[in-house]
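Subject: Structure for your review

Dear colleague,

Please find below the structure that I am handing over to you.

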Amino acid sequence: MITLNQNYTYEKLLELMDELVDTYPEWMQMRELGISHDMRSIRLLIVGKGKPSIICTAGVHGRESINPILLLHMAQYYGECAKERKSINQMNTAQLLEQYRILMIPIANPDGYVIATEGFGQIRNPVYRQNAKIRQINHTYWKANARGVDINRNFPCSFYHRSMSSEYPGSENETQVLMRLFQEYDSEIYLDFHSRGRIIYYYRNAMSEEYNAQAYNFAAYMQQLSKYKLGEPEDELSSVFGGGNTVQYYAESIGKPAITIETLDDFVDFPNDCRYQSDTWQELMEIPLGVIAMLE
Ligand SMILES: [Zn+2]
């Protein structure tokens with residue numbers, strides 16, 4: 001049982017995922033999608049029974065530790081409401097999850113999560129561990145994978161820039177896992193949860209006006225629910241939000257809306273204090289189900 005306002009280790013989150021599948025076997029399935037560079041499992045939690053899918057990822061940046069917990073809490077809440085035939089804000093949970101499914105990757109970068117929450121001592125590979133320590137940044141600020149590569153700059157797409165000599169587009173295990181997932185499952189929309197500034201980025205400069213109009217519709221709906229700001233078209237290409245990220249790759253390769261949802265205020269420290277979980281939960285809880293209702 002996942003309760004909020006509590007810290008969770010990566011190992012504990014895996015246990016909770018197993019528990020969810022045991023508790024709601026009718027509504028949930030789990031699959032291992034691959035293994036991180038430091039040999040941790042990257043898992044897919046499938047919530048719902050339909051074929052058409054939406055994809056939700058969290059934890060691409062290790063230090064943004066709140067969203068993995070909130071996505072698992074969401075799976076639990078949706079599973080419970082579907083099982084008990086309870087609606088969520090007049091949305092028929094069971095009916096929507098009969099027709100659609102949510103493909104959740106709650107911890108897309110497990111090594112990053114472990115480093116940010118537990119320290120460099122948890123890195124299993126001695127070479128990666130040594131290289132991480134040499135960088136002289138505090139482990140609580142770690143965004144990257146165990147090799148030090150930011151997954152959200154590693155995707156092969158228009159605005160990719162090489163950030164380290166040891167990486168190339170799609171070089172990382174964690175990147176490849178998501179690339180395969182996007183290709184393997186037909187999906188209608190992709191939501192990537194991050195934690196920097198209570199803002200929703202939907203605009204893709206590489207994409208058509210028609211694409212951006214469609215993405216805007218979804219983003220405007222999410223804005224209503226969350227009360228977050230909407231990002232401006234020029235934000236995407238400013239240096240802070242450099243290219244080669246998950247949503248650019250999805251938009252360019254799949255052609256469907258790909259939206260970044262940034263939870264939490266800018267000033268919130270890393271890993272995210274667990275006291276922010278319940279407020280942020282209120283902002284996010286209806287979003288994936290509401291998006292499915294929009295697709296209907
Ligand atoms: Zn992030």
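**Backbone features and helix packing**

Asn-5 lies in the segment before helix 1, which covers residues 10–23. Please bear in mind throughout that this is a predicted model. The phi angle of Asn-5 is near 60°, a positive value in a residue other than glycine. Most residues other than glycine have a negative phi. Asn-5 counts as partly exposed, because it has 13 C-beta neighbours inside 10 Å.

A positive phi is also found at Met-39, where the value is near 70° and the residue is again not glycine. Met-39 is placed in the loop that runs between strand 1 (28–35) and strand 2 (41–48). Because Met-39 has 12 C-beta neighbours inside 10 Å, and 12 or fewer is the limit for this class, Met-39 counts as exposed.

The next loop to mention, between strand 2 and strand 3 (53–58), contains Lys-49. Lys-49 has 16 other C-beta atoms within 10 Å and is therefore partly exposed. Leaving aside residues up to four places away in sequence, Lys-49 touches Leu-97, Glu-98 and Arg-101. Lys-49 and Arg-101 are 52 residues apart along the chain, yet their C-alpha atoms are separated by 5.6 Å.

Phe-270 and Pro-271 are joined by a cis peptide bond, with omega about -20°. Most peptide bonds are trans. Pro-271 belongs to the loop between strand 10 (258–262) and helix 9.

Helix 7 contributes Phe-218, Tyr-221, Met-222, Leu-225 and Ser-226 to the contact, while helix 10 contributes Ile-287, Gly-290, Val-291 and Met-294. In this contact of helix 7 with helix 10, 7 residues are nonpolar, 2 are polar and none is charged.

Finally, I turn to the chain as a whole. The protein chain holds 10 helices and 10 strands. Its C-alpha trace spans about 55 × 45 × 35 Å along the principal axes. How does the radius of gyration of the protein chain compare with that of a compact globule? For 296 residues such a globule would have a radius near 19 Å, and the 18 Å of the protein chain agrees with this. Of the 296 residues, 47% count as buried. Among contacts with a separation of 6 or more, 77% are between residues 24 or more positions apart.

Yours sincerely,

A colleague

How values were computed. Residues are numbered from 1 along each chain as its sequence is written. This is a predicted model: local features need pLDDT of at least 70, side-chain atom pairs count only at pLDDT 80 or more; totals for chains, interfaces and linings use all residues. Two residues are in contact if their C-beta atoms, placed from the backbone, lie within 7 Å. Helices (H or I, at least four residues) and strands (E, at least two) are DSSP runs, numbered from the N terminus. Ala, Val, Leu, Ile, Met, Phe, Trp, Tyr, Cys and Pro count as nonpolar, Asp, Glu, Lys and Arg as charged, and the others, Gly among them, as polar. The radius of gyration is taken over C-alpha atoms; the globule rule is 2.2 Å times the number of residues to the power 0.38. A residue is buried if 20 or more other C-beta atoms lie within 10 Å of its own, exposed if 12 or fewer, and partly exposed in between; C-beta atoms are placed from the backbone.
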